[in-house]
Amino acid sequence: MVCLNCALFKNLFNSSISLRTFLLRSTELSMARVLSLFRSQPFLHLVARRKPTFCKMSMDTRAREVFAAAVEAVQPDTVVCQSIERKEDSVVIDGRTFTLKHNLHLVGFGKAVLGMAAEAERIVGDHLVKGVISVPHGIQQTLQQHGKDHLLLKENSRIKVIEGAKHNLPDTDAQKAAEEIKHLASELTEKDLLLVLISGGGSALLPAPIPPITLQEKLDVTRRLAGAGATIQELNTIRRALSLLKGGGLAHHAHPAQVVALILSDVIGDPIDIIASGPTVMSQVWPEEVLSILERYKLLNLLPTSVKEVLDKPNSRWKEHKEESDTSGHVLNAVIGSNGVALKRAGLCARELGFLPVVLSPSVCGDVQSVSRLYGLLARFACSREEPPPDIATEVLKLGPEVGVESWDLCRTMQVLEKGRTEGWGATCLLAGGEPTVELTGKGRGGRNQELAMRVGLELRSLGLPPKGPVFLSGGTDGQDGPTEAAGAITDGGLYDEAKAQGLDIDNFLINNDSYTFFSRLSGGQRLLVPGLTCTNVMDVHMLLIPAIPIIIR
């Protein structure tokens, strides 16, 4: 086998077949054969052998600690502090230096922007002229009630705070904030620097429909599109076409000032043109594309007169025609916080608590049933006391496209899991993130994280109880999973029997999408993950803690 593997490996790199192509074909080989081809690869040196770290904490407690570390890494003040380096009368952001001469202006919009603005003012406030931020309704009072005063602006702040978007929907208060932000940007000159702070929820907090379109008319159009099944890309195309500030509109109005946007991403892959609908990312709107989308969903004849009027006019997005020059050189977009940042810190914490951290992917998506199956298979693969059946690896790789995970990442992860299983590395912490979806079949209370935890619990049923069996955690970094107080839940192989002993039928709760009620009733809610107000949002964190497995060598 060794000679065959060496021959295959040599032929692989002597041919025009890429590594990615090879991995996509790997389902045709046994997993042991696939993994053996890569055992000498350089990345394994990054997870060098070590003696297991002894830790008295339970698996449940350690899972919660790792999740808390992930959330802490993407706190709004933390990410801003790490992204702005002050050097006397200049700042360095993303490797670029900007001069400060009492020429700094600040705008922001999003759920985490208040804390971002407070930290930014602390760092560069001595050069700040004026600022306007649009934040969620009631956020200042909520932060005060939770003792988060460090995320609030000082009494003498030069930044004006406007609360709006009640229930996360654009409203007149949010529109007023958008108008003031537009006005501030429009008055800037080439000597000015505009710092733009953006986080999740920013789209609802920056509504600026092109006149004569009303806010309600714009909402109706996007709601009908969403109800008809339009994709997020199609929805963003329509939003940009009907907005003064989205799709680069804010950067356009700020030209010729230098614009620097600091972005806390809540979107898979961190696409800056989609986060808050890309107000600082220049994008062309083609009327033909907009009309094609509306026609595809049979909405052309249902459009308000105002929307038709705007779409019929060329260059109707920006009435104030500034000098038509390329603004790209005047805009810097920097993603300063993301799911990947959270997972990196979670991995460091996991190592401190005695686990070998392995990050699968920050881009997990797809239906929770497919995602839970993936984690169940990976747990079976890692916990096998003998050579895992080849069909496990085959099914894992087939699931990849359904859950947004590349074949390379799946093979890499299984290689590390197999290495740890066969060479006694001790406990492992598999980390992933993203935003799976739930197909609603009932009217219960819950969210994707709690439902994912339920389904993974069923997948782990045959793998034993902790500390000898695996533990799974799924939690939303925003601290709120669906319309509940929980961020998610923690589960293990004992979930089914525990529920049955307490008269709870898991299947019925799943059918009714009632995961929160289930976990609230189960053992007094001990499995719920309730971190409280987190002040941030970079999607979800998934965690599979795998204990050291004694293996049988034959």
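Among contacts between residues at least 6 apart in sequence, 81% join residues at least 24 apart in this chain. The model behind this figure is predicted. Its chain contains 21 helices and 15 strands, and 56% of the 554 residues count as buried. The exposed surface comes to about 24600 Å², with carbon and sulfur atoms supplying 51% of it.

The structure holds three aromatic pairs. In one of them, the ring centres of Y375 and F472 lie 5.2 Å apart with their planes at 40°, so this pair is tilted. Distant parts of the chain are linked here: Y375 belongs to helix α15 (residues 368-383) and F472 to strand β12 (residues 471-476), 97 residues apart. Both Y375 and F472 are buried. Elsewhere, F509, F518 and F519 form one aromatic cluster.

The backbone has some features worth a visit too. Most residues other than glycine have a negative phi, and most peptide bonds are trans. Against that background, the peptide bond from P211 to P212 is cis, with omega near 10°; P212 sits in the loop between β7 (193-198) and α9 (215-227). The bond from H255 to P256 is also cis, with omega near 15°, and P256 is found in the loop between α11 (249-254) and β8 (258-264).

Positive phi values turn up in D94, near 55°, and in H102, near 50°. D94 lies in the loop between β2 (90-93) and β3 (96-99), while H102 lies in the loop between β3 and β4 (104-109). D94 counts as exposed because its relative accessibility is 55%, and H102 counts as exposed at 56%.

Terms used
Residues are numbered from 1 along each chain as its sequence is written. This is a predicted model: local features need pLDDT of at least 70, side-chain atom pairs count only at pLDDT 80 or more; totals for chains, interfaces and linings use all residues. Side-chain values use heavy atoms; hydrogens and water are left out. Helices (H or I, at least four residues) and strands (E, at least two) are DSSP runs, numbered from the N terminus. Buried means under 20% relative accessible area, exposed over 50%, partly exposed in between (1.4 Å probe, protein chains only). Contact means heavy atoms within 4.5 Å. Accessible areas come from the Shrake-Rupley method with a 1.4 Å probe; for residues, only the protein chains shown count as cover. Rings of Phe, Tyr and Trp (its six-membered ring) pair if their centres lie within 6.5 Å; planes under 30 degrees apart count as stacked, over 60 as edge-to-face and the rest as tilted.
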